[in-house]
Structure formats: C-alpha cells, structure tokens
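Hi,

Here is the structure I promised you. Could you open it and keep it beside this message while you read?

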Amino acid sequence: MIITVDSNILISVFSKDSLYRKSAALLEKYCSHEYIINDCIYLELGIHFSNLKALGVALNTLEIRLIEEYERNYNETLNAWNNYLKKKKFVCPSCGKVINPICSNCKQRLSFRQRILTDFLIAGFASANSNGIITLDPTYYRNYFPQLIIFETN
Amino acid sequence: MNQTITIRLTPKRERLLKLLKKRFNIKKNSEAIDLALSMSFKDDADYRSRLEKVSGSIRLKGKATAVKRIRSLRDGM
C-alpha cells in the first residue's frame with residue numbers, strides 16, 4: 001500500500017510536540033507500507049529546517065519519498081475547492097465562532113484568507129497517487145474528499 | 001509452561017511458510033514462525049528508533065502543536 005503522510009504528522013515528529021506519541025504511533029503502525037509526500041508537503045516541512053539537506057536526511061531516515069512527478073486530478077481538486085468556496089464562512093480560528101467582519105469606518109464586509117488551496121492539492125494528490133493519508137487534522141479531508149481513506153491508529 | 005495453539009493452514013499460509021523455510025533453510029514450522037515473528041518485531045523496533053533519531057530536529061515557537069502550526073501556514077495567518 002502507498003500512504004501519503006501529511007505535514008502535521010511529520011512536523012509533530014520532528015518537533016516532538018505534545019502530539020508526538022500519536023504521530024509516531026501512526027507512522028510506526030503503517031511503516032511496512034510505502035510513505036510518500038508531494039511538493040506542497042515538502043515545502044511546508046522545508047521552512048522549518050535550516051536547509052533542505054537536513055530535511056532530506058530526516059525524510060530518508062523515515063523512508064518517506066518525495067514524489068516530484070505525479071498524477072494530478074484537477075477536476076476532483078477543483079470540485080472540492082468549489083464546494084468549499086460555496087459553503088465558506090468566516091470562522092474564528094481561535095474559538096470557532098462564525099463571524100461576519102465589517103469595517104467600522106466604511107461598513108464594507110471584510111474578507112481574509114482561510115483554507116487556501118494547499119489542503120485541496122494535498123488531498124487531490126493523496127487521492128490520485130496513494131491508497132490514503134495519515135494526518136492529525138482530518139476534518140476538511142473528510143468533508144471535501146469523502147472518498148479519501150484516512151488511516152487511523154485504531 | 002508452554003501453551004499450544006491451533007491455526008488453520010490456509011493455502012496462503014502454507015505457501016508463505018514454505019517460502020520462509022526455503023529461504024532461511026529451516027525445517028520445522030515452529031522455527032519458521034519464531035523467525036517470522038521476531039523479524040516483524042525487529043522492524044517495528046527499528047522504525048521506532050528511527051523516529052526517535054529524527055525527533056527534536058526542529059523547534060516550534062512556544063507550546064504550539066504541529067496541527068496549529070500547519071493550520072496557520074495554510075490559512076495564511
């Protein structure tokens with residue numbers, strides 16, 4: 001089986017944060033399978049390292065392969081993103097409350113970027129090039145890519 | 001005290017057992033099963049040590065978790 005590893009799993013392992021045990025357990029559980037990442041995940045990891053060579057060594061140690069040339073299912077990615085844009089609400093990233101921000105001066109409705117394309121590119125990659133994904137943040141994948149298998153610890 | 005378990009020898013198990021015995025020049029089924037079990041456990045232990053080896057190679061600011069860090073990157077915040 002081929003499994004996509006989401007950035008948050010790897011950042012959790014590399015930083016040994018409070019979610020380390022869960023991330024390590026997930027990677028360990030499926031370690032007999034092939035782990036892959038795409039360029040989006042690679043770049044999200046890369047900004048945390050002083051150089052890409054150090055990242056390469058860490059990825060090699062965990063036998064995680066960067067796929068540079070891969071199948072892109074633009075239709076599926078666009079459909080999911082379009083679906084998200086139609087339902088989009090402004091949600092406070094801290095408390096989760098849905099808000100309608102308005103400028104106090106001109107009364108214009110304000111917008112800010114939420115959930116940009118990366119999630120959809122990663123899910124589209126995982127869907128077209130692997131059997132599923134391991135992630136610590138599955139909500140949007142479940143909502144917008146219901147056919148994508150999310151591997152769990154249980 | 002040793003315990004005895006009985007397992008059904010399905011065609012797939014029989015084929016894999018034969019392959020294992022042939023590859024490692026083993027005659028007894030029990031020895032082949034011992035070897036397969038210890039090999040599979042060794043792999044896990046090996047991967048666990050690799051995880052330990054790369055852990056702590058980066059630092060996140062404060063008490064941020066990887067989920068929050070990646071979320072903020074993707075949300076552009």
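Let me start with A:Glu63, which lies in the loop between helix H4 (52-61) and E3 of chain A. Helices (H or I, at least four residues) and strands (E, at least two) are DSSP runs, numbered from the N terminus.

Before I go on, a word on what you are looking at. This is a predicted model, in which local features need pLDDT of at least 70 and side-chain atom pairs count only at pLDDT 80 or more, while totals for chains, interfaces and linings use all residues. Residues are numbered from 1 along each chain as its sequence is written, and chains are lettered from A and ligands numbered from 1 in the order in which they are written.

Back to A:Glu63: although not a glycine, A:Glu63 has a positive phi of about 55°. Most residues other than glycine have a negative phi. A:Glu63 is partly exposed, with 13 other C-beta atoms within 10 Å. For burial, I count the other C-beta atoms (placed from the backbone) within 10 Å: 20 or more is buried, 12 or fewer is exposed, and in between is partly exposed.

A:Lys16 also has a positive phi, near 50°, and sits just after H1(A), in the loop between H1 and H2 of chain A. Is A:Lys16 buried or exposed? A:Lys16 is buried, with 21 other C-beta atoms within 10 Å.

Helix H1 itself is worth a look. Because 9 of the 9 residues of H1(A) are buried, the helix is largely enclosed by the rest of the structure; among them are A:Asn8, A:Leu10 and A:Phe14. The axes of H1 (residues 7-15) and H2 (residues 20-29) of chain A come within 8 Å and cross at roughly 115°. Those axes are lines fitted to C-alpha atoms, for helices over the stretch in contact, with angles from 0 to 180 degrees between N-to-C directions. H1(A) brings A:Ile9, A:Ser12 and A:Val13 to the contact, and H2(A) brings residues including A:Tyr20, A:Ala24 and A:Leu27 (contact puts C-beta atoms, placed from the backbone, within 7 Å). This contact has 6 nonpolar, 2 polar and no charged residues. Here Ala, Val, Leu, Ile, Met, Phe, Trp, Tyr, Cys and Pro count as nonpolar, Asp, Glu, Lys and Arg as charged, and the others, Gly among them, as polar.

Next, the sheet. In chain A, 4 strands form an open sheet with parallel pairing, in the order E3-E2-E1-E6 (a pair needs at least two DSSP bridges). E3 (64-66) and E6 (132-134) are the edge strands, each pairing on one side only. On average, neighbouring strands are turned by 40° against each other, direction ignored. Strand E1 (residues 2-5) is joined to E6(A) by 3 bridges, and A:Thr4 has A:Ile133 as its bridge partner there.

The largest nonpolar core has 35 residues, and A:Val5, A:Ile9, A:Leu10 and A:Ala123 have the most contacts inside it. Such a core is a set of buried Ala, Val, Leu, Ile, Met, Phe, Trp, Tyr and Cys residues joined through C-beta atoms within 7 Å. Leaving out residues up to four places away in sequence, A:Val5 touches A:Leu10, A:Tyr35, A:Ile37, A:Ile64 and A:Ile134.

Finally, the two chains: 32 residues of chain A and 25 of chain B make the contact. On the chain B side, helices H2 (29-54) and H3 (66-74) each supply at least two residues, and H2(B) gives the most, with 8. That side divides into 10 nonpolar, 5 polar and 10 charged residues.

Best wishes
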